[in-house]
Amino acid sequence: MKYLKLIFRNVGRNRLRSLLTVLVTVVLVFVVTLVWSVLWLLDQVTTEKSQNFSAMVTERWAIPSRLPFSYADPLSRGAAHKPGDIQPLDSMTWQFYGGTLDAKNFTRENIIFGIACEPEKLATMMDGLNDLPAEQESQLHEDIAQLKANRQGIILGHNHLDATNKRIGERLKLTGIGNFKGLDLEFEIVGTFPAGRYDTLAAFNRDYYNNELDAYAARNNGRKHPLAERSLNLMVLKVPDRAAFTRLASQIESSPEFSNPAVKCETMASGISSMLESFRDLIWGMRWLLAPACLVTILLVIANAISISVRERRLELAVLKVLGFRPYQLLILVLGESLLLGSVAGLISAGLTYGIINWGLGGISFPIGFFDRFMIPTAALWWGPAIGGLASLLGSFLPAWSARGVKAANVFSKVA
Amino acid sequence: MDTAPQDGKIVRIHGVHKFFQRGSERLDVLNGVTLDVPEGEFLGLMGPSGSGKTTLLNLIAGLDTPSQGEIWVGDQLISTMTEGQLASWRTRNIGFIFQFYHLLPVLTAYENVELPLLLLPLSAAQRKQQVTTILELVGLADRMYHRPGQLSGGQQQRVGIARAIVTDPTAIMADEPTGDLDARAAEEILNLLCMLRESLHKTIIMVTHDPRAAQRTHRLLHLEKGLLVEQVNA
């Protein structure tokens, strides 16, 4: 504590250099925080949970997975037939749908991608929606109640709401695109997902969707829509733990009910990992090239600034030695200066990143797999100072070691 | 640490050699110096450049160790101490005054004088009292919150002297303390050193090229080619 004043004064000695060092560190910590935020969320969703396992059932041999909707009922029971067979705690059907607001000129902004599902399952089966803060949870429950009451209701993500320039209560008409051509749906917007992970998703009532698939045949002389027999894309099942999951997976995969097409049952984490497989190189590069490159750059910038500072102050360091400062005390003084610079820069950067990205921009736009937008986690508020502090300590170690070894007699013989 | 009877001598140097190795060449700077300095003496060291004055001063101050021989300061043999031991020893026993003051430019006069006290187990209040007293003693009570850049050369040297004596050291080493000052400021500094020696009974060893400074010492030693060649009583 006694040396704090000296450390502060030394940092303020060359303000321009200190300011530039802080600025470079702020920018680099900003980049590292962005990269780590994306990786953090991907790690979260691809890491197996020890409890409340989510299992995902998809088509075994085809991507994208398309299962008959008739699979939904037996799958919701986990293909349990005999006494002693395990049943999932809960289940949710996912039927994908993509449509545009402007069939003649569809752009990324006017396309809405959504899932048809059981409305009440949104609150219990969707990762991130089952552990919301009280206020958001109560709003979500209100929206779900609206969705249940209104078969043509739809809950939109924030991005869709912004891009379509619509408000809750307004209606919208979607023209099916791609595989969904011929399925034109009309909705009333009844709510929005909480900001964050589901900003680019929409959810609506599966009964309406299935009805429209049936109505397609009636409108087309009995010719069914190509998706009519294969409208279930995946089924999410909840089980209490890994042991239960293993039994359930074996039950489902060996059941003759699901032989054509065959199904596979994997954990949600491993399912998402499979979906992210095509981004493997990008994620690898972010994790092992981009983030480390930024860290090394911070380290070099700080090492350079502290080296110059130590070189300029050899005489002063020698004076301190004459006054009785021990080598380790000089080491602490120099390391303290860099730690101060690095951790303050890290703290500023973390605060700015959190504020600008989460409050200002509403997340980082980085479409990858199911995910479109990434929020900066609260944990990033300590990543910044930790990254800055640690990198600066490592970077300044050699200059500090050199300061520690200053020989007063040699320095003064040169001065004389 | 070794201890020995002092017999009224504050510094005792026996057969000290110091050489530096520059590649294959050996440079002998001190060649068997033997010297006793009584407590309270004001000793002057003179000699041409390269004669070993500063080296001898550095050895007595524990900034360097001799290649051979013994150096006792007070009752302690410092020539065998490690770097860490010498550092702690210097804090309590040696005050060093530099030709170019070497004050830390980012600190005020008060903070510069307080620096060596940070190494001692003193409370902030004790440090404040000691620093204030010393700055008053050197006549800078009204300049204590000025930074070195805001002080004249003479005032800076007074701060340097205050810093050297604030820990109440056994001996004060002064390396050409008037070398960077005009005649008037030099005179003031010499007066201050004499006053300190008399009032605080401090032992002062001063390297100087200045004949006026030399005249103020009790004893003047000449060093030439690493040997004490002349002793003159001032």
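Visitor: Which hand does the crossing of α12(A) and α13(A) have?

Guide: The crossing of α12(A) and α13(A) is right-handed. A crossing is called right-handed if the near helix is turned clockwise from the far one by less than a right angle, left-handed if anticlockwise. Before we go on: this is a predicted model, where local features need pLDDT of at least 70, side-chain atom pairs count only at pLDDT 80 or more, and totals for chains, interfaces and linings use all residues. Residues are numbered from 1 along each chain as its sequence is written, while chains are lettered from A and ligands numbered from 1 in the order in which they are written.

Visitor: OK. At what angle do helix α12 and helix α13 of chain A pack?

Guide: About 155 degrees, with the axes 6 Å apart; α12 covers residues 327–360 of chain A and α13 covers residues 380–404. That makes α12(A) roughly antiparallel to α13(A) (angles over 145 degrees count as such). Helices here are DSSP runs of H or I, at least four residues, numbered from the N terminus. Axes are lines fitted to C-alpha atoms over the stretch in contact, and angles run from 0 to 180 degrees between N-to-C directions.

Visitor: And what residue classes are in the contact of α12(A) with α13(A)?

Guide: That contact has 24 nonpolar, twelve polar and one charged residues. Ala, Val, Leu, Ile, Met, Phe, Trp, Tyr, Cys and Pro count as nonpolar, Asp, Glu, Lys and Arg as charged, and the others, Gly among them, as polar.

Visitor: Is A:G336 buried or exposed?

Guide: A:G336, which lies in helix α12 of chain A, counts as buried, because 20 C-beta neighbours fall inside 10 Å (the cut-off is 20 or more other C-beta atoms within 10 Å, with C-beta atoms placed from the backbone). Leaving out residues up to four places away in sequence, A:G336 touches A:Y3 and A:I7; contact takes C-beta atoms, placed from the backbone, within 7 Å.

Visitor: Switching to A:L248: where is that?

Guide: A:L248 is in helix α8 of chain A, residues 242–253. A:L248 has 24 C-beta neighbours inside 10 Å, so this leucine is buried. A:Q87 is 161 residues away from A:L248 in sequence, yet 7.2 Å away in space, C-alpha to C-alpha.

Visitor: Last one: how many residues of chain B are in contact with chain A?

Guide: There are 19 from chain B, meeting 18 residues of chain A. On the chain B side, α2(B) gives the largest share, six residues.

How values were computed:
Helix = DSSP H or I, 4+ residues; strand = E, 2+ residues; numbered from the N terminus. Parallel < 35°, antiparallel > 145°, perpendicular 65-115°, else oblique. Contact = placed C-beta atoms within 7 Å. Buried ≥ 20, exposed ≤ 12 C-beta atoms within 10 Å, placed from the backbone.
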